[in-house]
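Please keep the model in view while reading.

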Amino acid sequence: MAHLSHKTLVSLPRTMSEHEAEEGQANSLGSLPSWPHRLENVFPVYAMGNSNPVLDSSLHNSDCLDPIWDAVREEAKLEAEKEPILSSFFYATILSHDCLEQALAFALANRLQKPTLLATHLMDIFCNVMKHDKGIQQSIRLDIQAFEDRDPACLSYCSALLYMKGYQSLQVHRVAHALWGQGRKVLALALQSRVSEVFGVDIHPAAKIGDGILVDHGTGVVIGETAIVGNRVSLMQGVTLGGTGKETGDRHPKVAEGVLIGASATILGNIRIGECVMIAAGSLVLQEVPPHSIVAGVPAKVIGRVHEHYPSLTIHQDENKHLSEEFFYSKDETTENDYIM
C-alpha cells in the first residue's frame, strides 16, 4: 500500500458548489460555528489535490499535483501484480483513467447500473457534475482521506474508492445534492433511490454534508432532507438523522463538526448537536447537545465531557465506557427503587 507523508499542511478554504454560488447562498454549514482549529491542521496537502481542480485537459497534465490520485494508481499497480487474476479489473477501474473523478464516476456507474439506468448514462451524469463543481472535487479527496485515516478496515485509498459503500454512497449523494440545487430534482431522487437499493444508505439529496466525512459500513444510515452535517464527522452504521413526525419545513438535526455518532444512534427533530460531541451507540437523542459532551441512553442524557479536540478523528468509542457504566448502573437502581415503591 502506498503511504503518504502527513508533514506538509496548507490552507484549505471552504469551496461552494456552483449552484450555491449562483443562488448567493452562504456556506451551508455557516450557521454552525467552527472549531477554532483550522481545517489545514487536520487534513494534509495531499488530500486536497490540485489547488484549482477542473476535469479538463489541465487535470490530465502530469504537472498537476494530485498525490491522492497518484497513490490510488500506485496501489492499483501493486495489487494487480500481487493478484494477476484481477489485473484487468484494476486496469478498467483505475489504471485506464486520467484522474480520480473519472475513476470514481466509472466505479459508481458500474455499481448503480441496471437495465433501465445504463452505466454509460450514469457515468456521463457523474463526470459532468464533478467536472463543473470544484467543491465536489475537494470533497471526494477529503472523504477518501477520512476513510484511510479513521477506518482500520480500509487497507488503502484504492480499497475505499472501489469497495467501501459508505464512501461510494456519500459521493453519489454529493452529485445528487448538486443536481437538486440545479433544479434537477427527479434525477437527484432517482439516484437517492438507487443508492438506497444497492447500498442500504438513504440520504435525501437536499441534505447538506460537509467535508472529511466517514460513513463507516454505511448500512442503515438515514439522513433527512433538512439535515446538516458539519466537517470531519464520523457516522457508524445504522445512524438516523430524522424528523419527529409529519411536520414540514426545517425538521431535521444539525450536526456540527467533529462529532462522533455511534452505531444505531437516532437523532430526531430540528435540534443542534454541538461541536466535538460523542454520541454513544444505540442512543436516542431528542434534545440539543452542548459542545464537547458525551451523551448516552434512551432518551440520551449528558454523562460526561469530551477531552479531545475531535472524537470523530480518533473514534475511541470505549474510551469513556466507565461513564456509561456508572450512568446505566445508577439508572437501573432508580428504576428498581421506583418498582419497589
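In this predicted model, His97 counts as buried because its relative accessible area is 9%, and buried means a value under 20%. The residue is found in the loop that runs between helix α3 (87–95) and helix α4 (100–112). A polar atom of the His97 side chain lies 2.9 Å from the backbone oxygen of Ala92.

**Salt bridges**

How many salt bridges does the model hold? The count comes to nine, and the table sets out some of the pairs included in it.

| Pair | N to O distance |
|---|---|
| Arg174 and Asp143 | 2.8 Å |
| Glu257 and Arg232 | 2.2 Å |
| Arg272 and Glu275 | 2.9 Å |

Consider the salt bridge between the side chains of Arg174 and Asp143, with 2.8 Å from N to O. This pair links distant parts of the chain, since Arg174 belongs to helix α8 (residues 165–181) and Asp143 to helix α6 (residues 134–150), and the two are 31 residues apart. Both Arg174 and Asp143 are buried.

The side chains of Glu257 and Arg232 also meet in a salt bridge, at 2.2 Å from N to O. Glu257 lies in the loop between β8 (254–255) and β9 (260–261), while Arg232 lies in the loop between β5 (228–229) and β6 (234–235), and the pair therefore ties together parts that are 25 residues apart in sequence. With a relative accessibility of 6%, Glu257 counts as buried, and Arg232 is likewise buried, its relative accessible area being 3%.

Glu275, by contrast, is buried, with a relative accessible area of 8%. Elsewhere, salt bridges that share partners join Asp66, Glu101 and Arg141 into one network.

Note on methods: Residues are numbered from 1 along each chain as its sequence is written. This is a predicted model: local features need pLDDT of at least 70, side-chain atom pairs count only at pLDDT 80 or more; totals for chains, interfaces and linings use all residues. Side-chain values use heavy atoms; hydrogens and water are left out. Helices (H or I, at least four residues) and strands (E, at least two) are DSSP runs, numbered from the N terminus. Buried means under 20% relative accessible area, exposed over 50%, partly exposed in between (1.4 Å probe, protein chains only). A polar contact is a pair of N or O atoms within 3.5 Å; within protein, one must be able to donate a hydrogen and the other to accept it, and residues adjacent in sequence count only if both atoms are side-chain atoms. A salt bridge is a side-chain nitrogen of Lys or Arg within 4 Å of a carboxyl oxygen of Asp or Glu.
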